[in-house]
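This briefing sets out the main features of the model shown below.

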Amino acid sequence: MSGKLIDGIAIGKEIREEIKARVSDLKAGGCTPGLAVILVGDNQASRTYVTNKEKSSKEVGMKSELIELPVSVSEEELLGHVTRLNNDQSIHGILVQLPLPTHINENHVISAIDPSKDVDGFHPVNVGKMIIGQKTFLSCTPYGIIKLLERTNTEISGKHAVIVGRSNIVGKPMGQLLLQRDATVTYCHSKTKDLAEFTKQADILIVAIGKTKFVSEEHIKKGAVVIDVGMNRDENGKLCGDVDFDKAREKASAITPVPGGVGPMTITMLLKNTLHSAEEAFKKETCT
Ligand code: NDP
């Protein structure tokens, strides 16, 4: 058996076309959705993510503003930029690329973003709303994974979903979104004893740990749907996931590749959240 490929590039493109059409409608009504990205320092990986986000937002017709700040920037100065963007009616989404230098408190910065512009879905207010099932911005990676499952007609209700990894940006919100869709959810993490014991029970296995090819066929139940969030470099510098793709595919009924699985969906959902924010501003007649 060789599992079906879950094609994040194709699904992401499909959703971005839908976004593009809605952006065009908004622009015809005089409202251009705007995304502002703050990049601190010169971390190469962060710069690549930011460049991709900027490029993708322009491709769907959004306005994109990049604020580049030196690594030495003070927390106060950074917060000043956030405040300015909070008050700028042409900006509907604000994203501060993480990680930030250690002298800056990430929680202070995330909490300073107006929750109605927090398109990453990291603000405590939005996290709280997500957990109690209220409409809000959903964290982009887990939201993208939900879309991958929905658009491949993967049944979630009544299924056992096992999440490996419990970070605030991926693992934790992922489990909550699946729980809301009536999955039975198990969380695993670095202190979990006998990981395979749990992962082998998964109908849907989501792996977000940041360890190259850590999960392999012995962790997977035959017929499981496997979602690999990991973005790592192997010994040859090649991008690869947390799952040993070739071996896992033999057992899975469907699986995401790396690259080309979850990654393109994360950016797509960022654009979707920004569009949603602009549509709300348009309804309130505050979109310029
Ligand atoms: P974090 O480092 O914040 O969290 C990693 C999690 O994995 C922790 O909860 C940790 O457990 C757990 N973990 C680590 N080692 C093991 C182990 N041996 N067994 C079980 N659990 C383990 O990572 P992120 O969630 O931010 O990212 C995870 C991966 O996903 C990374 O490769 C990252 O690059 C990628 N990523 C990809 C995105 C995309 O768009 N494709 C978006 C975001 C992330 P504990 O809590 O106990 O320490």
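An open sheet of three strands has the order β3-β2-β4, with parallel pairing; two strands count as paired if DSSP finds at least two bridges between them. Helices (H or I, at least four residues) and strands (E, at least two) are DSSP runs, numbered from the N terminus. The model is predicted: local features need pLDDT of at least 70, side-chain atom pairs count only at pLDDT 80 or more, and totals for chains, interfaces and linings use all residues. Residue numbers start from 1 along each chain as its sequence is written.

- The edge strands, each pairing on one side only, are β3 (63-69) and β4 (93-96).
- Neighbouring strands of this sheet are turned by 15° against each other on average, direction ignored.
- Seven bridges connect β2 (residues 34-40) with β3 in the parallel sense, and Leu-35 has Ser-64 as its bridge partner in β3.
- Helix α3 (residues 75-86) lies across β2, β3 and β4 and runs at about 180° to β2. Axes are lines fitted to C-alpha atoms, for helices over the stretch in contact, and angles run from 0 to 180 degrees between N-to-C directions.

**Six-stranded sheet**
- Six strands make an open sheet with parallel pairing, in the order β1-β11-β8-β7-β5-β6.
- Its edge strands are β1 (4-5) and β6 (184-188), and each pairs on one side only.
- Helix α7 (residues 171-180) packs on the sheet and touches β5 (160-164), β6 and β7; the direction of α7 makes about 170° with that of β6. Contact between two residues requires their C-beta atoms, placed from the backbone, to lie within 7 Å.
- Strands β7 (residues 204-207) and β8 (residues 225-228) run parallel and are joined by four bridges; Ile-204 stands opposite Val-225 in β8.

**Domains and annotations**
- The protein chain is divided into domain 1 (31-115) and domain 2 (140-263), with bounds that come from an automatic or database domain assignment.
- The C-alpha centres of domain 1 and domain 2 are 29 Å apart.
- An unreviewed UniProt entry places "domain: Tetrahydrofolate dehydrogenase/cyclohydrolase catalytic" at residues 6-120. UniProt positions are given in the numbering used here, feature names are shortened, and annotations may be inferred rather than shown by experiment.
- Residues 6-120 are 49% helix and 16% strand, with the end C-alpha atoms 24 Å apart.
- The UniProt annotation "domain: Tetrahydrofolate dehydrogenase/cyclohydrolase NAD(P)-binding", also from an unreviewed entry, covers residues 139-280. That span is 37% helix and 17% strand, and its end C-alpha atoms lie 18 Å apart.

**Ligand surroundings**
- The ligand is surrounded by 25 residues, of which the closest are Gly-165, Ser-167, Ser-190, Gly-210 and Thr-266; a residue is near a molecule if its C-beta atom, placed from the backbone, lies within 6 Å of it.
- Helix α10 (residues 262-283) gives the most to this shell, with three residues.
- The shell has 10 nonpolar, 12 polar and three charged residues. Ala, Val, Leu, Ile, Met, Phe, Trp, Tyr, Cys and Pro count as nonpolar, Asp, Glu, Lys and Arg as charged, and the others, Gly among them, as polar.

**Backbone features**
- Most residues other than glycine have a negative phi, and most peptide bonds are trans.
- Leu-98 and Pro-99 are joined by a cis peptide bond with omega of about 0°; Pro-99 lies in the loop between β4 and α4 (106-112).
- Another cis peptide bond, also with omega of about 0°, joins Val-258 and Pro-259, and Pro-259 is placed in the loop between β11 (254-255) and α10.
- Asp-194 has a positive phi, near 55°, and lies in the loop between β6 and α8 (195-199).
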